[in-house]
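Please report on the model shown here, covering its fold, sheets, core and chain contact.

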Amino acid sequence: MATAMKFLTNYVDADVDYFTTPADYIELDLTNDYLIWTGGDATVKDLMTHEPIASELTTAAEVISDSVDVTVTLCLLMDYSHDVGGTYYTHKVLGMSENKQYVYCFAFDDATATEPQLEAWDTSGHTDTDKNVLGAGTPADSMVKGKCTTVSAPGASWVGSVIAGASDVILLNAGNGALSDPGSGLTNDLYCNLKIVLPTAYATPSVETFVLTVRYTWA
Amino acid sequence: MKPLFIVSFTDGTEFTGGCDFMNTKWKQIPDRPIVKISYLLPNGKYLKLSNFKRIYQYIEGTNDLNGKNAGKFNIEFSYLLVQKGDTIRQYKIYRKTGYIDDVTYYNVNNDYILKLNPDYWRKGNNV
């Protein structure tokens with residue numbers, strides 16, 4: 001059978017891996033759950049008891065600075081089924097943009113034929129990167145940065161690599177190639193850290209969505 | 001539904017692959033020298049290859065983490081890699097058009113080749 005993947009985010013302790021403490025992670029139901037990148041405020045925050053609406057997200061958007069690059073403050077997992085904590089729709093993704101290793105987890109239940117990779121596109125068509133956040137047609141200018149942390153933490157003040165389109169991707173196994181059989185009942189757990197960095201005095205403020213996708217293979 | 005591939009062995013027997021990209025049965029191919037493979041193209045015809053040293057096949061898909069297709073696995077390409085001598089010819093087959101999208105040649109020591117899964121190679125009869 002084809003290899004299956006789970007996508008999880010850490011909401012308890014970003015120094016602890018999924019194998020050791022799976023309870024520290026929330027698996028995204030990809031049909032309903034999603035990530036929110038925001039500056040955050042008194043309304044849009046960790047442990048919201050309702051799904052944020054568009055006007056709330058606009059109000060809480062990160063502000064572009066005239067003098068410095070700004071890393072988006074907060075990544076929230078919007079947990080539609082609010083199955084962790086009872087009534088909470090949002091959970092802060094711990095360690096996002098920090099020197100933390102176990103933040104975003106990709107758990108594969110079998111081997112792969114090549115190395116899995118993380119990509120970013122305008123839409124699910126996987127053809128364009130014209131949105132501002134992805135570099136407005138110049139992938140090298142993408143504001144989305146990432147670093148594979150499967151082997152080690154990203155490092156203090158990590159810069160990361162841009163993510164946009166087919167060429168600027170994050171290899172999730174640290175460039176070590178295809179995944180081997182993890183053994184019965186186990187998973188190959190790969191990690192990355194991500195951030196969005198707004199360039200100084202960027203001229204086109206916007207609220208945008210983009211698509212993160214994992215490309216992987218099986219025999 | 002046609003099977004994704006049919007392989008013929010030196011002893012005259014055959015193994016038939018699955019009809020579903022999610023269950024190709026490639027890993028179940030017996031460890032015997034393959035004389036010929038017929039590999040299904042999206043237009044319904046088979047690409048027939050023989051006289052090779054070893055062969056590798058995989059399916060490539062994407063899983064969106066958000067957006068309208070989030071959680072729906074999208075199969076985009078299949079790949080067939082055939083080694084003759086020290087050269088590997090890769091057929092990249094775009095599943096939606098019915099055509100071979102690209103043919104690329106690699107040396108066996110190319111980094112991409114070395115990082116493929118060693119368990120998925122199957123041997124031919126031209127060693």
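Which strands of chain A make up the open sheet of three strands, and in what order? The order is E3-E5-E6, and the pairing is antiparallel.

## Basis of the model

This is a predicted model, in which local features need pLDDT of at least 70 and side-chain atom pairs count only at pLDDT 80 or more, while totals for chains, interfaces and linings use all residues. Residues are numbered from 1 along each chain as its sequence is written, and chains are lettered from A and ligands numbered from 1 in the order in which they are written.

## Overall form of chain A

Chain A has one helix and 13 strands. Helices (H or I, at least four residues) and strands (E, at least two) are DSSP runs, numbered from the N terminus. In order from the N terminus, the elements are β-β-β-α-β-β-β-β-β-β-β-β-β-β. The radius of gyration of chain A is 17 Å, close to the 17 Å from the globule rule for 219 residues, so chain A is as compact as a globular protein of that length. The radius is taken over C-alpha atoms, and the rule is 2.2 Å times the number of residues to the power 0.38. Along the principal axes, the C-alpha atoms of chain A fill a box of roughly 50 × 40 × 35 Å.

Of the 219 residues in chain A, 48% are buried. A residue is buried if 20 or more other C-beta atoms lie within 10 Å of its own, exposed if 12 or fewer, and partly exposed in between, with C-beta atoms placed from the backbone. Two residues are in contact if their C-beta atoms, placed in that way, lie within 7 Å. Of the contacts in chain A between residues at least 6 apart in sequence, 67% join residues at least 24 apart.

## The three-stranded sheet of chain A

Two strands pair if DSSP finds at least two bridges between them. In the E3-E5-E6 sheet of chain A, strand E3 (34-38) and strand E6 (90-92) are at the edges with a single partner strand each, so one side of each has no neighbour in the sheet. Neighbouring strands are turned by 30° against each other on average, direction ignored. Here axes are lines fitted to C-alpha atoms, for helices over the stretch in contact, and angles run from 0 to 180 degrees between N-to-C directions.

E3(A) and strand E5 (residues 74-78) of chain A run antiparallel and are joined by five bridges. Within this pair, Thr38(A) has Leu74(A) in E5(A) as its bridge partner. Four of the five residues of E3(A) are buried, which leaves the strand mostly covered.

The loop between E3 and helix H1 (54-59) of chain A holds Asp41(A). Asp41(A) is partly exposed, with 13 other C-beta atoms within 10 Å. Beyond its neighbours within four places in sequence, Asp41(A) is in contact with Thr59(A) and Ala60(A). The C-alpha atoms of Asp41(A) and Ile53(A), twelve residues apart along the chain, are separated by 14 Å.

## The nonpolar core

A nonpolar core is a set of buried Ala, Val, Leu, Ile, Met, Phe, Trp, Tyr and Cys residues joined through C-beta atoms within 7 Å. The largest such core has 82 residues, of which Cys105(A), Phe106(A), Ala120(A) and Val144(A) touch the most other members. Strand E12 (residues 188-198) of chain A gives this core its largest share, six residues. Neighbours within four places in sequence aside, Cys105(A) is in contact with Leu8(A), Tyr18(A), Tyr25(A), Asp189(A) and Tyr191(A).

Phe7(A) lies in strand E1 (residues 5-10) of chain A. With 23 other C-beta atoms within 10 Å, Phe7(A) is buried. Apart from neighbours within four places in sequence, the contacts of Phe7(A) are Leu28(A), Leu30(A), Phe106(A) and Leu65(B). A separation of 9.1 Å lies between the C-alpha atoms of Phe7(A) and Phe108(A), 101 residues apart along the chain.

## Chain B and the contact

The contact involves 27 residues from chain A and 24 residues from chain B. On the chain B side there are eight nonpolar, ten polar and six charged residues. Ala, Val, Leu, Ile, Met, Phe, Trp, Tyr, Cys and Pro count as nonpolar, Asp, Glu, Lys and Arg as charged, and the others, Gly among them, as polar. Strand E13 (residues 211-218) of chain A pairs with strand E5 (residues 54-64) of chain B in the antiparallel sense over six bridges, and Val214(A) stands opposite Asn63(B).

Chain B has an open sheet of four strands, ordered E2-E1-E3-E4 with antiparallel pairing. Its edge strands, E2 (14-16) and E4 (46-50) of chain B, each pair on one side only. Strand E3 (residues 34-40) of chain B pairs with E4(B) in the antiparallel sense over five bridges, with Lys36(B) opposite Ser50(B).
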